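I opened the notebook to look up a few places in this structure and write down what I found. The entries follow in the order in which I looked.

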Amino acid sequence: MFWDWWQSLFVDMSSANFFNFSFLPRYGYAVIQGVEYTLILSVISVLMAVLPALLLATMRLSKNKAVRCISGAYIAAFRSTPILVQLMIIYYGVFSIITVPKFMIFGFIDSTRFIPGVTALALNSSAYVAEIFRAGILAVDSGQMEAARSLGLSQFQSMRLVILPQAVKNVLPALANEVITMVKESSVCMVLGMAEIMFTAQTIGGSTMISIGPYMLAAFIYFVITYPTSKVIERIERRMRRGDKH
Amino acid sequence: MGTNTDYIISVEDLVKEYNGGKVVALDHCSLNVKKGQVIAIIGPSGSGKSTMLRSLNLLEEPTSGKIYFNVIDLTSKGVDINKHRQKIGMVFQHFNLFPHKTVLENITMAPVTLKKQTEEESKETALNLLERVGLIDKAYEYPNMLSGGQKQRIAIVRALAMEPEVMLFDEPTSALDPEMVGEVLDVMKELAAEGMTMIVVTHEMGFAREVADEIIFMSDGRIIERGSPVQIFENPENQRTKNFIDKVL
């Protein structure tokens with residue numbers, strides 16, 4: 001009984017087959033474009049999050065309580081609500097007021113969906129990256145700031161010349177991990193019809209009537225992107241920690 | 001007192017409290033420093049020596065009291081502390097060199113950033129100073145390649161590059177291996193001989209005795225006794241000073 005079912009997985013090309021990838025010859029190109037879309041979307045989102053996150057992190061470390069609270073509230077709001085909800089509110093709320101001009105990015109990305117999507121993901125990511133930066137800044141020995149200030153440098157100059165260059169090194173692996181998280185999280189953008197991996201899988205499923213195969217392929221692609229990358233980052237992180245001891 | 005132009009630094013009634021007054025680190029301390037004087041602050045750990053020193057350039061913000069530097073009250077509102085800190089050099093127990101910058105960059109960063117000198121001038125000053133402390137061959141190395149004694153000599157040079165009027169030393173030899181203490185103290189002695197005004201928190205009683213013009217003994221956040229090295233080391237008046245001196249000598 002089990003063997004019959006197991007064999008049928010590979011032989012029987014029914015629509016409910018887990019490993020029915022018969023759509024590939026025809027839709028392979030769409031899948032590749034979906035992967036490109038996901039990668040562009042996640043990398044740009046995290047990059048866009050860097051500057052606001054830096055601002056949020058420094059605000060979070062400010063002496064002024066009001067400034068600290070504003071940043072804290074932003075971070076709490078974005079970390080404690082689902083990204084899907086944020087995406088909906090930003091797309092239907094904010095971008096019903098702001099009209100994005102329609103043009104194609106890299107020839108296949110529709111700006112009217114991409115820009116709201118990137119905005120939502122970047123706003124969400126900036127809350128997480130802010131916490132990464134904050135930890136990175138706090139990891140720099142407090143004597144560094146004191147030494148810089150004792151020479152007469154301002155708070156800002158000390159941050160820029162002494163603290164941040166050292167914090168960046170602490171922070172790079174965590175930032176790379178954030179990109180990996182974003183590769184997975186960006187799948188929510190399918191609800192806006194952004195042609196990333198998940199949307200492509202759904203579209204293929206719809207037009208070929210193969211229900212499971214495309215999603216299995218999507219899962220496989222996500223795994224192949226994120227797992228090896230996270231292992232490489234882990235290794236780099238370990239090597240960096242060893243380097244610090246000298 | 002604070003407006004007396006004889007004094008380069010004058011501290012009046014300095015109080016530093018933590019946790020809303022539960023911990024008193026400095027309890028109404030006053031101090032006058034004349035130009036060219038070398039003052040050593042000694043005392044048991046936790047006596048407030050470091051807090052006192054770190055208050056002088058406002059790394060610690062005093063709870064109350066006044067700190068005059070060249071007759072200007074640093075604690076009053078509207079004082080640009082960054083400007084005054086340029087004239088108050090500081091050397092730390094743990095060196096605090098910038099690990100991402102070369103020795104030369106460590107020294108030139110502040111003078112160049114604060115437009116005290118051009119990059120060229122600053123480099124020349126730095127190399128001259130490095131020559132004087134015998135570390136010119138380390139100019140292009142990174143701090144983590146150096147020994148503790150070398151790091152501390154460079155930290156001194158970094159502070160000197162700003163051409164300060166006074167130098168603060170916060171236990172500059174406490175983190176060093178014993179065999180490296182001498183090379184750092186030698187640089188400090190030379191500096192004192194050149195007439196630099198210095199305030200030194202130290203456990204090196206030999207150095208304090210030999211180099212300081214005045215010794216200040218602190219305990220429990222208070223200045224217990226002050227006087228010449230001979231007086232403090234040989235004829236302490238206060239019993240606590242006596243106990244401390246007996247223990248450390």
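**Entry 1: a pair of strands.** I began with strand 9 (residues 214–219) of chain B, which pairs with strand 10 of chain B in the antiparallel sense over five bridges. Two strands count as paired if DSSP finds at least two bridges between them. Strands (E, at least two residues) and helices (H or I, at least four residues) are DSSP runs, numbered from the N terminus. I noted two of the facing residues: B:M218 stands opposite B:I223, and B:S219 has B:R222 as its bridge partner.

**Entry 2: ground rules.** The model is predicted, with local features needing pLDDT of at least 70 and side-chain atom pairs counting only at pLDDT 80 or more, while totals for chains, interfaces and linings use all residues. Residues are numbered from 1 along each chain as its sequence is written, chains are lettered from A and ligands numbered from 1 in the order in which they are written, and side-chain values use heavy atoms, with hydrogens and water left out.

Entry 3: I then looked for a second partner. Strand 3 (residues 38–42) of chain B pairs with strand 9 of chain B in the parallel sense over four bridges. Here B:I39 has B:E214 as its bridge partner.

I also asked how many residues of strand 9 of chain B are buried. Six of the six are, so the strand is largely enclosed by the rest of the structure. Buried means under 20% relative accessible area, exposed means over 50%, and partly exposed is in between (1.4 Å probe, protein chains only). In a regular strand the side chains alternate between the two faces of the sheet. In strand 9 of chain B, B:E214, B:I216 and B:M218 point one way, while B:I215, B:F217 and B:S219 point the other way.

**Entry 4: the whole sheet.** Six strands of chain B form an open sheet in the order 6-7-8-3-9-10, and the pairing is mixed. Its edge strands are strand 6 (88–91) and strand 10 (222–227) of chain B, each of which pairs on one side only. Neighbouring strands of the sheet are turned by 20° against each other on average, direction ignored. Helix 5 (residues 148–160) of chain B packs on the sheet and touches strand 6 and strand 7 (166–170) of chain B. Contact means heavy atoms within 4.5 Å. The direction of this helix makes about 170° with that of strand 6 of chain B. Axes are lines fitted to C-alpha atoms, for helices over the stretch in contact, and angles run from 0 to 180 degrees between N-to-C directions.

Entry 5: In the loop between helix 5 and strand 7 of chain B I found B:E163. B:E163 has a positive phi of about 50° although it is not a glycine. At 45% relative accessibility, B:E163 counts as partly exposed.

I also checked B:L129, in helix 4 (residues 119–132) of chain B. B:L129 is buried, at 11% relative accessibility. Leaving out residues up to four places away in sequence, B:L129 touches B:V157, B:L160 and B:A161. The C-alpha atoms of B:L129 and B:R158 are separated by 8.9 Å, though the two are 29 residues apart along the chain.

**Entry 6: a residue that reaches the other chain.** Which residues does A:S150 touch, not counting those up to four places away in sequence? I listed B:N57, B:R85, B:I88, B:M90 and B:F92. A:S150 is in helix 6 (residues 142–150) of chain A. At 3% relative accessibility, A:S150 counts as buried.

**Entry 7: two helices of chain A.** The axes of helix 2 (residues 24–60) and helix 5 (residues 111–138) of chain A come within 5 Å and cross at roughly 45°. The two helices are therefore oblique to each other. Angles under 35 degrees count as roughly parallel, over 145 as roughly antiparallel, 65 to 115 as roughly perpendicular and the rest as oblique.

**Entry 8: a loop in chain A.** Last, I looked at A:F106, in the loop between strand 1 (104–105) and strand 2 (109–110) of chain A. Its phi is near 55°, a positive value in a residue other than glycine. A:F106 counts as exposed, at 60% relative accessibility.
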